[in-house]
Amino acid sequence: MDASAPQWLVALEGSGLGAAIRQSVWIYPAANVAHVVAIAAFAGSVVLIDLILLGVVRPAGRATLLQRARRWSMGLFAMVVLSGLVLFIAEASHVALNRVFQLKLGLIALAVLNALVLGSRAETAIAKLTDTEPLPAHASRAAAASLCLWLCVVALGRFIAYV
Amino acid sequence: MTRIALAIAAIAMLAGTAVAHHGWGSYDAKNPVTVAGKVLTSKYENPHVTLTVQGKDKVWTVTLAPTSRMVNRGALAEMVKVGADISAFGYPSTREADEMRAERITVDGKTIEMR
């Protein structure tokens, strides 16, 4: 409680709601995880809007869009890994023993495998189709696995601090 | 190419500020301290369990872990309640006087990691 802050903020923090949030064992961690997962998805949508406005993302066929997006995702993944390595080195002995972190690494391995194998297979198949032909069922499976796995990875990353 | 370079620079700067505003960044890890004494006040709540402890020479504010981590690792509320004896090893704050964040605590004969 910082008494030097504006009164309404002090009142907000000191309210029954503020106390309930702090005193619950699960509410704060749950809100933290939800916040970060929502940000990841939100960022994706905002970046897409802005890249369209900048003319970087232009209308193209399905196969071309996928190929371009795939290149971006690989470069961005490299940045995620590099920055993650910095964080890891600082607390390596603790983080490596954390079960949630271990689970997160396992899911990253599965997600990368899914992208390399099933994702590539889907894109190769789609490259042979015209834009109006239906998508193969295995493309949906690769996509569902990708969404589920990556969102879980983000959630677990935030949850490390709470276990 | 320049677009990618700009993106990397922007994200690196953002990441830097994120590390600075929370976590262990605002604590002096080069000068660890051990605070041992009786718990004077105890707030067993989120985002961090916070105690004040009567140290040898002064009263310290001791920052511990979130409650779910405390419970999961066996550092229950009654073990750090007012009047309990505690020894906390950690680092002093570079921002707040007489505040430290604990790496580990010893209560009831048990040593529990906070990180």
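This is a predicted model: local features need pLDDT of at least 70, side-chain atom pairs count only at pLDDT 80 or more; totals for chains, interfaces and linings use all residues.
Let's start in chain A, with helix α4, residues 62–90, and helix α6, residues 99–127. Their axes are 8 Å apart, and the two pack at an angle of about 150 degrees. Now, angles over 145 count as roughly antiparallel, so that's what we call α4(A) and α6(A). And the handedness? α4(A) passes α6(A) in a left-handed crossing.

Who's actually touching whom here? From α4(A) we have A:Arg62, A:Ala63, A:Leu66 and A:Arg70, and from α6(A) there's A:Glu123, A:Ile126 and A:Ala127. Sort those by class and you get four nonpolar residues, three charged ones and no polar ones.

α3(A) brings A:Pro29, A:Asn32, A:Val33, A:Val36, A:Val37 and A:Ala40, while α7(A) brings A:Leu151, A:Val154, A:Ala155, A:Arg158 and A:Phe159. Nine of the residues in this contact are nonpolar, one is polar and one is charged.

How is chain A split into domains? The assignment gives domain 1 as 1–58 and domain 2 as 60–163. Between their C-alpha centres there's a distance of 24 Å. Each side puts seven residues into the contact: seven from domain 1 of chain A and seven from domain 2 of chain A. On the domain 1 side, that's five nonpolar, one polar and one charged.

Now over to where the two chains meet. Chain B gives 14 residues to the contact, and chain A gives 14 as well. On the chain B side, α1 (2–21) and α2 (67–72) each supply at least two residues. Which element gives the most on that side? It's α2(B), with five residues. By class, the side of chain B that touches chain A has seven nonpolar, four polar and three charged residues.

While we're in chain B, have a look at the strands. β5, residues 99–107, and β6, residues 110–113, run antiparallel, and four bridges join them. If you want one pair to find on screen, B:Ile105 stands opposite B:Ile112 in β6(B). The two strands form a hairpin with two residues between them, and B:Asp108 in the turn has a positive phi of about 55 degrees.

As a rule, most residues other than glycine have a negative phi, and most peptide bonds are trans. You'll find B:Asp98 in the loop between β4 (85–92) and β5 of chain B.

And the peptide bonds? The one joining B:Asn46 and B:Pro47 is cis, with omega at about 0 degrees. Where does B:Pro47 lie? In the loop between β1 (33–43) and β2 (50–54) of chain B.

That's the tour, thanks!

Note on methods. Residues are numbered from 1 along each chain as its sequence is written. Chains are lettered from A and ligands numbered from 1 in the order in which they are written. Ala, Val, Leu, Ile, Met, Phe, Trp, Tyr, Cys and Pro count as nonpolar, Asp, Glu, Lys and Arg as charged, and the others, Gly among them, as polar. Two strands pair if DSSP finds at least two bridges between them. Domain bounds come from an automatic or database domain assignment. Axes are lines fitted to C-alpha atoms, for helices over the stretch in contact, and angles run from 0 to 180 degrees between N-to-C directions. Angles under 35 degrees count as roughly parallel, over 145 as roughly antiparallel, 65 to 115 as roughly perpendicular and the rest as oblique. A crossing is left-handed if the near helix is turned anticlockwise from the far one by less than a right angle, and right-handed if clockwise.
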